[in-house]
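I opened the model today to look up a few side chains and then the overall form. My entries follow in the order in which I made them.

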Amino acid sequence: MANRTLVPEAKAALNKFKMEAASEVGVNLSHGYNGDLTARQAGSVGGQMVKKMITDAQNAMKHK
């Protein structure tokens with residue numbers, strides 16, 4: 001399966017979310033190519049994104 005966004009309208013929001021997560025963990029992302037990141041840097045950005053999504057989901061369940 002190709003690496004593609006299933007909802008094209010969400011692409012900008014996902015990129016903004018990724019940039020915010022990178023900023024929070026101190027990783028400098030540029031718009032476009034980021035192939036020069038180390039695995040540790042890329043993993044910390046992804047980990048921060050997952051952490052924020054879990055927190056948001058938990059908060060949403062509490063407020064139902």
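I began with I54, which I found in helix α2, residues 39–62 (helices being DSSP runs of H or I of at least four residues, strands runs of E of at least two, numbered from the N terminus). The model is a predicted one, in which local features need pLDDT of at least 70 and side-chain atom pairs count only at pLDDT 80 or more, while totals for chains, interfaces and linings use all residues. I number residues from 1 along each chain as its sequence is written, and side-chain values use heavy atoms, with hydrogens and water left out.

I noted that I54 counts as partly exposed, at 44% relative accessibility (buried is under 20% relative accessible area, exposed over 50%, partly exposed in between, with a 1.4 Å probe and protein chains only). Together with V50 and M53, I54 makes a nonpolar surface patch of about 260 Å². Such patches take residues with over 30% relative accessible area and no salt bridge, joining nonpolar side chains (Val, Leu, Ile, Met, Phe, Trp, Tyr) within 5 Å and like charges within 9 Å; the areas come from the Shrake-Rupley method with a 1.4 Å probe, and for residues only the protein chains shown count as cover.

I then turned to the salt bridges, defined as a side-chain nitrogen of Lys or Arg within 4 Å of a carboxyl oxygen of Asp or Glu, and the count came to two. In one of them E20 pairs with K16, the closest N and O atoms being 3.7 Å apart; E20 and K16 are four residues apart in helix α1, and therefore separated by about one helical turn. I recorded E20 as partly exposed at 33% relative accessibility, whereas K16 is exposed at 56%.

K52 forms a salt bridge with E24, where the closest N and O atoms are 3.0 Å apart. K52 lies in helix α2 and E24 in helix α1, so this pair ties together parts that are 28 residues apart in sequence.

Last, I looked at the whole protein, whose secondary structure comes to two helices and zero strands. Its radius of gyration is 13 Å, well over the 11 Å given for 64 residues by the globule rule, so the protein is more spread out than a compact globule (the radius is taken over C-alpha atoms, and the rule is 2.2 Å times the number of residues to the power 0.38). The C-alpha atoms fill a box of roughly 40 × 25 × 20 Å along the principal axes, and 12% of the 64 residues count as buried.
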